[in-house]
Amino acid sequence: LTYYDWDWAGAELEFQQAIALNPNDATLRHRYSRYLSSLGRVDEALAELERARLLDPNDLVIKANVGVIYYFARQYDKAIDELKKVLSAHPEFGTAHWGLGLAYEQKKLYNEASLELQKAAERKGTNSLASLGHLYGVMGRKKEARDILSELTKRAGQQSVSGYQLALVHMGLGDIEAAMEALQQAYREHATLL
């Protein structure tokens, strides 16, 4: 209901019912926190994520998503702090590198962002690669951004590449028309990151 139907009210009811049935499911609470974050309900999202973290203190995705939710809330310094904590204990964790790169980009710390997104792209796949392509475009490294766009287009024939990911690179390159076309594609496919 959340990601594919975009039925926000229906999803809320299902999450609440599922939590009532199994309040100690860390994964469920984590997913609910992402839902809340998508709606801009950051304080509620962080509270649910804290419950998830207490239920499963070793889950790296839950730990990293604290930083990612701070990023989506535009609280970049808090995002950086949380993601650095994860990486200090787990330096190979791609999701934390991705979130840290995004936060650095928003603070215009482009060299730091580039290093983090490169690490993430090596470990995590197309979302990180698209984020790196966006960053390269913003930095004026147009050839590298176009190379990533070509790579994503090539991969689209072999694996799932979202129109959102293509739009992200086009936006970094300043190609608004192509970005809008890719966003229309993302809308038609109900891309989860949209």
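This is a predicted model: local features need pLDDT of at least 70, side-chain atom pairs count only at pLDDT 80 or more; totals for chains, interfaces and linings use all residues.

Two packed helices are described by the angle between their axes and the distance between the axes. The pair I start with is helix α8, residues 126-139, and helix α10, residues 163-173. Their axes are 6 Å apart, and the packing angle is about 10 degrees. Angles under 35 degrees count as roughly parallel, so α8 is roughly parallel to α10. The crossing of these two, α8 and α10, is right-handed.

Which residues make that contact between α8 and α10? On the α8 side they are T126, N127, A130, S131, G133, H134, G137 and V138. On the α10 side they are Q165, L168, V169, M171, G172 and L173. By class, the contact of α8 with α10 has 6 nonpolar residues, 8 polar and no charged.

Next pair: α4, which is residues 60-72, and helix α6, residues 94-106. Here the axes of α4 and α6 come within 9 Å, crossing at roughly 25 degrees. With the cut-off at 35 degrees, α4 and α6 are therefore roughly parallel to each other as well. The crossing of α4 and α6 is left-handed. From α4, the residues involved are A64, V68 and Y71. They meet T95, A96, W98, G99, L102, A103 and Q106 in α6. The contact of α4 with α6 divides into 7 nonpolar, 3 polar and no charged residues.

Where do the buried residues of α2 pack? They pack against α1 (8-21), α3 (42-55) and α4 (60-72). The buried residues in α2 are A26, L28, R29, H30, Y32, S33, Y35, L36 and S37.

Is L46 buried or exposed? Its relative accessibility is 17%. Buried means under 20%, so L46 counts as buried. Setting aside neighbours within four places in sequence, L46 is in contact with V66, I69 and Y70. For scale, take Y110, which is 64 residues from L46 along the chain: the C-alpha atoms of L46 and Y110 are separated by 27 Å.

That is what I had; I will take questions.

Terms used
Residues are numbered from 1 along each chain as its sequence is written. Side-chain values use heavy atoms; hydrogens and water are left out. Axes are lines fitted to C-alpha atoms, for helices over the stretch in contact, and angles run from 0 to 180 degrees between N-to-C directions. Helices (H or I, at least four residues) and strands (E, at least two) are DSSP runs, numbered from the N terminus. Angles under 35 degrees count as roughly parallel, over 145 as roughly antiparallel, 65 to 115 as roughly perpendicular and the rest as oblique. A crossing is left-handed if the near helix is turned anticlockwise from the far one by less than a right angle, and right-handed if clockwise. Contact means heavy atoms within 4.5 Å. Ala, Val, Leu, Ile, Met, Phe, Trp, Tyr, Cys and Pro count as nonpolar, Asp, Glu, Lys and Arg as charged, and the others, Gly among them, as polar. Buried means under 20% relative accessible area, exposed over 50%, partly exposed in between (1.4 Å probe, protein chains only).
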